[in-house]
Amino acid sequence: MNEISLMPEEQYQRLQQRNAADVKELWDLLDQVKDPEVPVLTIWDLGILRDIEREGDKVIVTITPTYSGCPAMDNISTDVTEALNQAGYAEVEVKTSLSPAWSSEWMSAEGRKKLRNYGIAPPEDADLDEDGLTPDAHAQCPHCSSRNTRRISEFGSTACKALFQCDDCNEPFDYFKKI
Amino acid sequence: MSDIKAATLEYATRLGDDSVVLGHRISEWVSYGPFLEEDIAYGNVALDYIGRARMFYTYAAELANDGRTEDDFAYMRNDREYRNLLLMEMPKGDFAYSQVRQLFADVYYTVLLPELLQSKDETLSAIAAKAIKETKYHLRRSRDWVLRLGDGTEESHKRTQKAVEQLWGYTHEMFDMDETEQLLADAGIGVDVSKLRDAWHKMVSDILTEATITVPEDSWAVRGGRTGYHTENLGHMLTEMQIVHRSHPGCEW
């Protein structure tokens, strides 16, 4: 089935920012840095990578945490520095910015596909409940595409995910929460 | 340091203390949860709070500008230097007790954070913006559990009612103002928590009533956390929380 991808405004703005960047090669270079918890996603896919600037020889990278306590941030910061160091940029500063707060809307379209193939349902694969939170059933199973699923826990293997089980193929799966 | 800056440093420390102490208490459930998913949920909520504490402490350290880091705030202060609300330091108790405390705290943040979001202080506002999103999920979970336990078996009802009665007197302190917080509230930086009590009481009462739990009368109150007078529980908690850091100063791995 062909799908017409609808791009949220937030994603469009991010893409514009990347395409218009003076240091486009650095954005490409940092595509090798993956989220340690979800290793199919780059920090660009996830929307954690906010900005890259150059000040003389120095590269300043701005990242933002998904959740307040995301333990991956320290790793990501180290990985960003190492990737740039290896490419010959000796002076690197990684800044963490809290505002605007990360939103799952920032995740790239490519990232959503990768998530699904990896066995994690992306945020749009469930209809949210009236409070805008994870529903208690019917997130689409990333394994067999069934909607006959139910939520087992609000909190999955990491803070950004909830746990579901599919009643058709019986597989449990993570659902990437919308925030 | 200006009065406002000194007050903001104190305020960020207080909010950080609330978060780290509650975060640690929640983390005490990890590997003791009633079932695996609940165990994982506890771990995640604890992480959210510890993450918040890191943001508040990092800001406090920046304001203090005296070489201290977030770690010094968390690990190198004694109980008398901690300024957290007493509710946060109460021991984990049984499952009902922890969920009732969590409900009280989650509703508190539900009414507090939208106000903090309006702060003229950009960092405090940014931290609130992140925390609001997480609190929605926290509240839904603690609310569900209190409903399920209150309106559950005779035993779970009894324990939930008891927990509510034991913790109620610790909730009044959440809405106290002092000079520091008044100064910040007047400056549009801090939140006037005294105005939040009614909203908190209404939301909590509605949930407790739905859970067939009797809302207690305001017959007693314990105070002191904001001035460093704690229950004996905090000292014990800190010894455990701080021992690794203090035993191996400067250790990195």
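A:Cys141 is placed in the loop between S4 and strand S5 (149–153) of chain A. The structure is a predicted model. Within it, chain A is divided into domain 1 (9–106) and domain 2 (119–176), and 19 residues of chain A are in contact with 22 residues of chain B.

**Surroundings of A:Cys141**

- A:Cys141 counts as buried because it has 25 C-beta neighbours inside 10 Å, the criterion being 20 or more.
- Leaving out residues up to four places away in sequence, A:Cys141 touches A:Ser146, A:Thr149, A:Cys166, A:Asp168, A:Cys169, A:Glu171 and A:Phe173.
- Between A:Cys141 and A:Asp74 there are 67 residues of sequence separation, and their C-alpha atoms are 32 Å apart in space.

- Strand S7 (residues 172–176) of chain A is mostly covered, with four of its five residues buried.
- Strand S4 (residues 120–121) of chain A runs parallel to S7(A) and is joined to it by two bridges; here A:Ala121 stands opposite A:Tyr175.
- Strand S6 (residues 161–166) of chain A runs antiparallel to S7(A), with five bridges joining the two; in this pairing A:Ala162 stands opposite A:Tyr175.
- S6(A) and S7(A) form a hairpin that has five residues between the strands, and A:Asn170 in the turn has a positive phi of about 70 degrees.

**The three-stranded sheet of chain A**

- Three strands of chain A make an open sheet in the order S1-S2-S3, and the pairing is mixed.
- Strand S1 (49–55) and strand S3 (92–96) of chain A stand at the edges with a single partner strand each, so one side of each has no neighbour in the sheet.
- From one strand to the next, the twist averages 20 degrees.
- Five bridges link strand S2 (residues 58–63) of chain A with S3(A) in the parallel sense, and A:Thr62 has A:Lys95 in S3(A) as its bridge partner.
- Helix H4 (residues 72–86) of chain A packs on the sheet and touches S2 and S3 of chain A, its direction making about 155 degrees with that of S3(A).

**Domains of chain A**

- The C-alpha centres of domain 1 and domain 2 of chain A lie 28 Å apart.
- Contact between these domains of chain A involves seven residues of domain 1 and six residues of domain 2.
- On the side of domain 1 of chain A that touches domain 2 of chain A, three residues are nonpolar, three are polar and one is charged.

**Interface between chains A and B**

- Where the chains meet, 19 residues of chain A are in contact with 22 residues of chain B.

**Nonpolar cores**

- The largest nonpolar core has 105 residues, of which A:Ile43, B:Phe56 and B:Leu87 touch the most other members.
- Helix H2 (residues 36–64) of chain B provides the largest share of this core, 15 residues.
- Domain 1 (9–106) and domain 2 (119–176) of chain A both give residues to the core, so it lies between them.
- Apart from neighbours within four places in sequence, B:Phe56 is in contact with B:Ala12, B:Leu15, B:Gly16, B:Ser19 and B:Ile127.
- A second, separate core consists of five residues, among them B:Tyr82, B:Met237, B:Leu238 and B:Met241.

Definitions and conventions: Residues numbered from 1 in each chain as written. Chains lettered and ligands numbered in written order. Predicted model: local features only at pLDDT ≥ 70, side-chain atom pairs only at ≥ 80, totals over all residues. Core = buried A, V, L, I, M, F, W, Y, C linked by C-beta atoms within 7 Å. Buried ≥ 20, exposed ≤ 12 C-beta atoms within 10 Å, placed from the backbone. Domains from an automatic or database assignment. Contact = placed C-beta atoms within 7 Å. Pairing = 2+ DSSP bridges. Axes fitted to C-alpha atoms, helices over the stretch in contact; angles between N-to-C directions. Nonpolar A, V, L, I, M, F, W, Y, C, P; charged D, E, K, R; others polar.
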